[in-house]
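Subject: Structure handover

Hello,

Here is the structure I promised to pass on. Please open it alongside this note.

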Amino acid sequence: MVKKNESFKPKQESKKERKRWSSWGLIGALVAVALAVVVAVTVSLMTASKIGSLINSNNKSCQCPSSQDSGKYKGVIEGCCCDYESVDSVNGEVLHPLLQELVTTPFFRYFKVKLWCDCPFWPDDGMCRLRDCSVCECPENEFPEPLKKPFLYGLPADDVACQEGNPQAAVDRTLDSRAFKGWIETDNPWTNDDETDNDEMTYVNLLLNPERYTGYVGPSARRIWDAIYSENCPKYPSGEMCQEKKVLYKLISGLHSSISIHIAVDYLLDESTNKWGQNPELMYDRVLRHPDRVRNLYFTFLFVLRAVTKAADYLEQAEYDTGNHTEDLETQSLVRQLLHNPKLQAACPLPFDEAKLWQGQSGPELKQQIQKQFRNISALMDCVGCEKCRLWGKLQVLGLGTALKILFSVDGQNQPSESLQLQRNEVIALVNLLSRLSESIKYVCEQGPSIEKTMERQISDPSETKYASVSALVINCLSY
């Protein structure tokens, strides 16, 4: 602030000087106006450019870094009929957006699951051994009779007792009043659970129980995967594994990779502040630094996608009835868009050719052997000590078992060897599994190369932040 000077008196100007200064003032004003217009136009153009960039970015599908950056995933995916570039493109543009919307619909968000089975292989891993893995179950008199019977209505949200918070590993059983209209009740020969035994089933809202880090630690978590790989799905030395056994191994490995990615993407970074976020070190250590695991992820995605497209006629005619006519029509529309998308059909008309399998005299016997092994893998899900991990393990294994059921219930010419029958739970598991795999592919596509570069630079350059191996980190819910 300028202090006023009492002795200051303005100078008396002549008429000529006033005229001269008036002219300069007019010129200055014109210049100022011109500059203001230029600045305004420039700012407007810059703002429009930024907004346009944001709009384009929001409308743009997954734009993966060039395959030249990673140099790993090019060409046709082994054992499949599509290449990596086409899968990334059609997944980003078509499949991922459709599936993300589809799994939030009333029909696909509820899953019927048996969470109370004893482990058939070892007796010491009962449910609720870990405090954060347990759920306070509702008293028998508060559990509605309709849920114990097929084809009836679900449990309203405000009827649920025992909702004592939501620990990371606990299953939230809150339901709304959507209808559970009936499909057929049929068992899946590839899985262990008796899907027709409704007395032991409970309904779970998957949106309230996302697949994420749970803190499930210790020997129990490691023992599940050890049993799967060593006893039921071993990786034989090169040249000693037949095609069918190789398929089973790659399916389990691909599913394993997807689960690990989802745990790393939705990780509890700071328990004291309940801060969640991505753990790139975990994603790199468990999946990205193992190219075979990434390849198996793509393989599993195409295998399940093939099952969905092969069952197109069945899925298109199915009744997606939850009692809400508007939402049910939207669900049916999304299913049709998924099954008959021209971009998908052009990019990858036959994701996987199942006709190559089970050839020769030993085909039927080999099929029975692998079916038995997969049933054992399914049964191992009852040994998972973390309840939320058990939920997602059962859902995704049932989804994979449903894909196996679809692909191997008809021959290579799409002539049914027996009538394909799917129950509601199988379709829900199949579509949710495809969505989980699609999201994992998207993470690898968008973030994989940058994470790999960062981690590899930290490992090779001592001046960078020292890479702390996460091998000693938590071996949590169904993670490598």
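Below is what turned up, grouped by topic.

Please keep in mind that this is a predicted model.

Aromatic pairs

The structure holds 17 aromatic pairs. Take Y213 and W276: the ring centres are 6.5 Å apart and the planes stand at 65 degrees. Planes over 60 degrees apart count as edge-to-face, so this pair is edge-to-face. Where do the two partners sit? Y213 is in the loop between β2 (202-205) and α5 (219-232), while W276 is in strand β4 (residues 275-277). The pair therefore ties together parts that are 63 residues apart in sequence.

The two partners also have their accessibilities on file. Y213 has 10% relative accessibility and counts as buried. W276, with a relative accessible area of 23%, is partly exposed. The cut-off for buried is under 20%.

N274 belongs to the loop between β3 (267-270) and β4. Its phi is near 55 degrees. That is a positive value in a residue other than glycine.

Aromatic cluster and charges over rings

Which residues form one aromatic cluster? They are W190, F299, F303, F352, W358, F374 and F408. F299 has a charge over its ring as well: the charged end of K250 sits there, 4.3 Å from the ring centre. R424 does likewise with F107, its charged end sitting over the ring at 4.3 Å from the centre.

Helix packing

Two packed helices are described by the angle between their axes and the distance between the axes. For helix α6 (residues 243-265) and helix α7 (residues 280-288), the axes come within 8 Å. They cross at roughly 175 degrees. That makes α6 roughly antiparallel to α7, because angles over 145 degrees count that way.

On the α6 side, the contact is made by S257, S260, I261, I263, A264 and V265. On the α7 side, L282, M283, R286 and V287 meet them. By class, the contact of α6 with α7 has 7 nonpolar, 2 polar and 1 charged residues.

A buried cysteine

Is C389 buried or exposed? C389 counts as buried, at 0% relative accessibility. C389 is found in helix α13 (residues 387-407). Its C-alpha atom is separated by 7.7 Å from that of T214. Along the chain, C389 and T214 are 175 residues apart.

Best wishes

Notes: Residues numbered from 1 in each chain as written. Predicted model: local features only at pLDDT ≥ 70, side-chain atom pairs only at ≥ 80, totals over all residues. Heavy atoms only, no water. Helix = DSSP H or I, 4+ residues; strand = E, 2+ residues; numbered from the N terminus. Buried < 20%, exposed > 50% of the residue type's maximum accessible area, 1.4 Å probe, protein only. Phe/Tyr/Trp six-rings, centres within 6.5 Å; stacked < 30°, edge-to-face > 60°. Lys NZ or Arg CZ within 6 Å of the ring centre and 35° of its normal. Axes fitted to C-alpha atoms, helices over the stretch in contact; angles between N-to-C directions. Parallel < 35°, antiparallel > 145°, perpendicular 65-115°, else oblique. Contact = heavy atoms within 4.5 Å. Nonpolar A, V, L, I, M, F, W, Y, C, P; charged D, E, K, R; others polar.
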